[in-house]
Amino acid sequence: MTANMHGALNAELRLNEKMFDDDVKKIAIRKGFGEGLVLAGDADARVVVLSGDLTESAQAEAFKQKYPERFVELGVAEQNMAAVASGMAAKGKIPFITSYAMFSPGRNWEQIRTTICYNNQPVKIAGSHAGVSVGPDGGTHQAIEDIAITRVIPHMTVICPCDAIEARKATVAAVSTGTPVYLRLARNATPVMTTNDTPFRIGVAQIVWQSLAPTVGIIATGSLLHKALLAAKELSESGIQVDVMNLSTIKPIDEAAVVALATRTGRIVTVEEHQVAAGMGSAVAECLAVHHPVPMRFIGVQDRFGQSGTPEELVEHYGMGSDAIVAAVHEILAR
Amino acid sequence: MLLSEQQTIALEETANDIRKSIIKMLVAAGSGHTAGPLGMADIFTVLYFHTLRHDPKNPKWEDRDRVLLSNGHICPVLYAAMAYAGYFPKELLMTLRKFGSPLQGHPHREFLPSLETSSGPLGEGLSQAVGMAIADKMDGKTGERRIYCLMSDGELEEGESWEAAMLGGKEKLNNLVAVIDRNNIQIDGFTEDVMPLEPLAKKWEAFNWHVLEIDGHNLEAIAAAFHAAKRIYDKPTVIIANTIPGKGVLEFERDYRWHGNPPNERQGEMALAELRAAGENIRSRAQS
């Protein structure tokens, strides 16, 4: 805890101290995945990468350049890609399948369920362009149901990194889980909040903003963690103490950390760029309803489809900006 | 001839035993598919008792051939062939579709680890087989080791089947053999009424596969096709096996209504009597 009695970044996590600056460094989360893919390939010869005609955009290009013999181009055929990867995993490979989240795990959900998860093969599904922040491409290409459809499948691990650095670490870590993993990635450049020194482990949630006597716990996943932190800073300046958790592993959920946060604060607000139905907030609610029920509010898309616009416009329009988070905190405190 | 007369007779007897087991399993289960398993008994027999490089006592042997059943619903024939080959005791066959049985209604390798894949939803087996064949090619293990994918004709209506076919042709997977059970039936009727598949051989040729068409009940022809596939070096091979659904039991043959229904006890007894008589015939030929 630093001098600020109302709250501050958790110094133990060695986060980016400049994250609140106007010129904060921004990198696309998917870029971190692309770097992680090469590192994963360097570390383990079993790693292979499959692409469905989106090699550049889904960030498989660097791996393809370095390891062409471990790269397979399958064309626009995501259903085939999932099942081919299952077959390769059955032969000892650790395949990463790369596409847009809308098509993988969207279009090929049943192939993921049957050939990957039912067989418990360690295929890693990297879904880029998740969330409304895809922007101008519009609603067809904005996956906001992908957390829901992946976390319901047995054996699956679901990770939604908060920035490019965490995405790089999550990609490397995904290699050794021995299970199917869904990596949820975003298209556009977003603020870098972590550093190379920030610890990362799959399944471990982190308190990134701490207060002495927090009265609300904000749990965020993905790049909206930055909006949650902006909200925390603003609230802190007006004398409201909150804690903010980065829940990048949505499944398996860090039950102990979530329950501890709810116990400490007594109120929870969840923040995700996803339908509020069946997403991360629902996973938190499932956990707390059993172990420590507290009042909750859910920031996310409220049962609507996306549309064209800039990422910033869309995040605001769908009620996921820092103002909306601040309002939700005030509202839950006023009940 | 690949098969001696003795070998042929022994395989005929095994196929007949497998058919009898299929009937008994389905009667005991009270549900399941009849036509497909009976129709594929000869192909599974040649595969498991002549062609495959495998070791039932060591099912995880790294260099074994892989068998993927894409149309998982015909698993009674797979289970029976595996039991007769020695993967597990034949007594287990009577637990088909029962709670806790390793022989799930559609194959699940979590319950029966000697299976290569779990399957049931159609159109996915060939993709997995292609993935296995690509992995073997990456590892330079394409000498003897082969991937066999058994699939139905009806599941070719799934687009994914053709996605997999395209990739198999592109990657020139000569270590991959697909067998299509061309029995012309599916749940709603005859394939050519439901969704015409012809000209089927031309379709596969157009996807850059080596195509063989055989009588799926001629043991010599089946063995010869598997043998011939080993001599194709620049393409995957597809064997279009013309089969009779329900083969071996006259009342069940060629009737699509037996696709998804099991025989009741009376029908089962009738079928077994017919198969026993066929078995007698085989044995008397063996003695002559």
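In what order do the five strands of the open sheet in chain B run? I began there, keeping in mind that this is a predicted model.

**Entry 1: the sheet of chain B**

I read off the order β1-β2-β3-β7-β6, with parallel pairing. Next I looked at the edges. There I found β1 (66-69) and β6 (210-215) of chain B. Each has a single partner strand, so one side of each is left without a neighbour in the sheet.

I then picked one pair. Strand β3 (residues 176-182) and strand β7 (residues 237-242) of chain B run parallel and are joined by six bridges. In this pair, I noted V179(B) opposite I239(B) of β7(B).

What lies across β1, β2 and β3 of chain B? I found helix α5 (residues 125-138) of chain B there. Its angle to β2(B), residues 147-152, is about 170°.

**Entry 2: chain B as a whole**

I counted the elements next. Chain B has 10 helices and seven strands. Its C-alpha trace spans about 50 × 40 × 40 Å along the principal axes. A compact globule of 288 residues would have a value near 19 Å, and chain B has 18 Å, so the two agree.

Buried residues make up 52% of the chain. I also looked at contacts in chain B with a separation of 6 or more. Of these, 78% are between residues 24 or more positions apart.

How many of the 11 residues of α3(B) are buried? I found nine, so I noted the helix as mostly covered. Among the buried ones are F44(B), L47(B) and Y48(B).

Helix α9 of chain B covers residues 219-229. Its buried residues include L219(B), I222(B), A225(B), F226(B) and A229(B). I asked what covers the buried residues of α9(B). The cover includes α1 (5-29), α3 (41-51), β3, β6 and β7 of chain B.

**Entry 3: where the chains touch**

I moved to the contact between the chains. Here 22 residues of chain B are in contact with 24 residues of chain A. On the side of chain B, α5 and α6 (159-170) are the elements that give two or more residues. Which one gives the largest share? It is α5(B), with 10 residues.

**Entry 5**

I turned to strand β12 (residues 242-246) of chain A. Five of its five residues are buried, so the strand is largely enclosed by the rest of the structure. V242(A), V244(A) and N246(A) point one way, while D243(A) and M245(A) point the other way.

I looked for partners of β12(A). Strand β10 (residues 206-210) of chain A pairs with β12(A) in the antiparallel sense, over three bridges. I207(A) stands opposite M245(A) in this pair. Strand β11 (residues 216-220) of chain A runs parallel to β12(A), with five bridges. There I noted A220(A) opposite N246(A).

**Entry 4: two crossing helices in chain A**

Last, I looked at helix α9 (residues 255-265) and helix α10 (residues 280-291) of chain A. Their axes come within 10 Å and cross at roughly 70°. The two helices are therefore roughly perpendicular to each other. I noted the crossing of α9(A) and α10(A) as right-handed. From α9(A), E255(A), V258(A), V259(A) and A262(A) make the contact. From α10(A), the residues are V284(A), C287(A), L288(A) and H291(A).

Methods:
Residues numbered from 1 in each chain as written. Chains lettered and ligands numbered in written order. Predicted model: local features only at pLDDT ≥ 70, side-chain atom pairs only at ≥ 80, totals over all residues. Pairing = 2+ DSSP bridges. Helix = DSSP H or I, 4+ residues; strand = E, 2+ residues; numbered from the N terminus. Contact = placed C-beta atoms within 7 Å. Axes fitted to C-alpha atoms, helices over the stretch in contact; angles between N-to-C directions. Rg over C-alpha atoms; globule rule 2.2 N^0.38 Å. Buried ≥ 20, exposed ≤ 12 C-beta atoms within 10 Å, placed from the backbone. Parallel < 35°, antiparallel > 145°, perpendicular 65-115°, else oblique. Left-handed = near helix turned anticlockwise from the far one by under 90°.
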